[in-house]
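Please look over the side-chain contacts in this protein. The report below goes through them by type.

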Amino acid sequence: MATPTDGISVDQPNDILNELKQFDDTKAGVKGLVDSGIEKIPAFFIQPQELLPKSSDIAPPTLQVPIIDLGAIHKDAGCYKQIVEELKQASDSWGFFQLVNHSVPKDLLDEVIQGVKEFHEGDKDVKEKLYSRDRVKKVRFASNLRLLSAANWRDTLTCVFDGSLDPSDIPPVCRDAIMKYREAILQVAETLYELLSAALGLPSDHLRGMNCAKTQLMVAHYYPPCPEPELTLGTSMHTDPSFVTFLLQDDLGGLQILHDGHWVNVAPIPGALVVNIGDLLQLVSNDKFKSIKHRVLASARGPRISVATFLNPSFDEKKLFGPIKELLSDTNPPLYKEFLVDDYIKAYISKGLTASALSPFKL
């Protein structure tokens, strides 16, 4: 019998629970199912009908996520101001944007995608030894954060950079690429936090001074081809428990965001980084910036590779977070109460992927 610490939800029928336990015990993930030659997906991957994509809900392809070009950021004050304004509008109206000319070499982006692919398709013994959902482990491999009766069609390598991760724990096949990519993302984040601070009307070092990139949670997803993609999802609809999330995706597509009641495809752009506002930035901005629901479709094509990097304060941070006081006034009172980051993370984990963890902190 599974227990909550196994990462398997016990609040479900025994037959489903047994199937989940058998699947998890293989430590081979979704790729193991595909490699076994299955033609139908197990019942615990089937999503409720109301959560599955409907053609009537898809936005026309002409509707695209904003593209922010950082190439001219140092050209002159006018260009800088224009980028800040574009970022402000994208963060308010969309909550998502694609960054181009961001300084991370495309060769490095390609190296990361290839390294992650080689890990997921490589030595089964390496993956089995890393298989865990124990948050204490800074490098771990698993299929789904929590295994539910509507599981997602993906496997994930997780790296938690909080100051205690030993780089030698990262699988050698992708270690160098991940470490170089992490440093590159932190450099882009410095620039982005400066721009976001300006977009909020704050001093350029305000968000950086909140240490809101102290912890980086990097999840390297592998979405195998699915024999029945119309019945499941690669990632269920959710918002991110972060300040900001950087996403590197390959060229297969599948990411969709909910905008004005319709699902918009985030078309892959070679060399671009997808960025989205997380729940914590929505909260501290007092809803000036929006954390938007998004999902990943399952597909008969694949594998799809993506690497999401969630930037957060230290999970052990003892300082209270809440709406930034400089943004508040009599006409713009606080919408959220103050909280500890650890309390927010616990709320997120207890609610699961599909539920927003912001609601407990609303005033």
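## Basis

The model is predicted: local features need pLDDT of at least 70, side-chain atom pairs count only at pLDDT 80 or more, and totals for chains, interfaces and linings use all residues. Residues are numbered from 1 along each chain as its sequence is written, and side-chain values use heavy atoms, with hydrogens and water left out.

## Aromatic pairs

Eleven aromatic pairs are found in a search of the whole structure. Rings of Phe, Tyr and Trp (its six-membered ring) pair if their centres lie within 6.5 Å; planes under 30 degrees apart count as stacked, over 60 as edge-to-face and the rest as tilted. The ring centres of Tyr131 and Phe141 are 5.6 Å apart and the planes stand at 75°, so this pair is edge-to-face. Tyr131 is in the loop between helix H5 (124-130) and strand E3 (139-142), and Phe141 is in strand E3, ten residues apart. Helices (H or I, at least four residues) and strands (E, at least two) are DSSP runs, numbered from the N terminus. Tyr131 is buried at 10% relative accessible area and Phe141 is buried at 0%; buried means under 20%, exposed over 50%, and partly exposed in between (1.4 Å probe, protein chains only).

Phe243 and Phe321 also form an edge-to-face pair, with 6.1 Å centre to centre and 65° between the planes. Phe243 lies in the loop between strand E6 (233-238) and strand E7 (244-249), and Phe321 in the loop between strand E12 (304-312) and helix H9 (341-351), so the pair ties together parts that are 78 residues apart in sequence. Ring pairs link Phe243, Phe321, Phe339, Tyr344 and Phe361 into a cluster.

## Asn276

Asn276 is in strand E10 (residues 273-277) and is buried, with a relative accessible area of 3%. Leaving aside neighbours within four places in sequence, its contacts (heavy atoms within 4.5 Å) include Asp240, Phe243 and His294.

## Salt bridges

The whole structure holds 13 salt bridges, each a side-chain nitrogen of Lys or Arg within 4 Å of a carboxyl oxygen of Asp or Glu. One of them joins Lys31 and Asp35 (2.7 Å, N to O). Lys31 and Asp35 are four residues apart in helix H2 (residues 29-35), separated by about one helical turn. Lys31 is buried at 14% relative accessible area, whereas Asp35 is partly exposed at 45%.

Glu228 and Lys40 meet in a salt bridge of 3.7 Å, N to O. The two residues are 188 residues apart. Glu228 is buried at 12% relative accessibility, while Lys40 is exposed at 62%.
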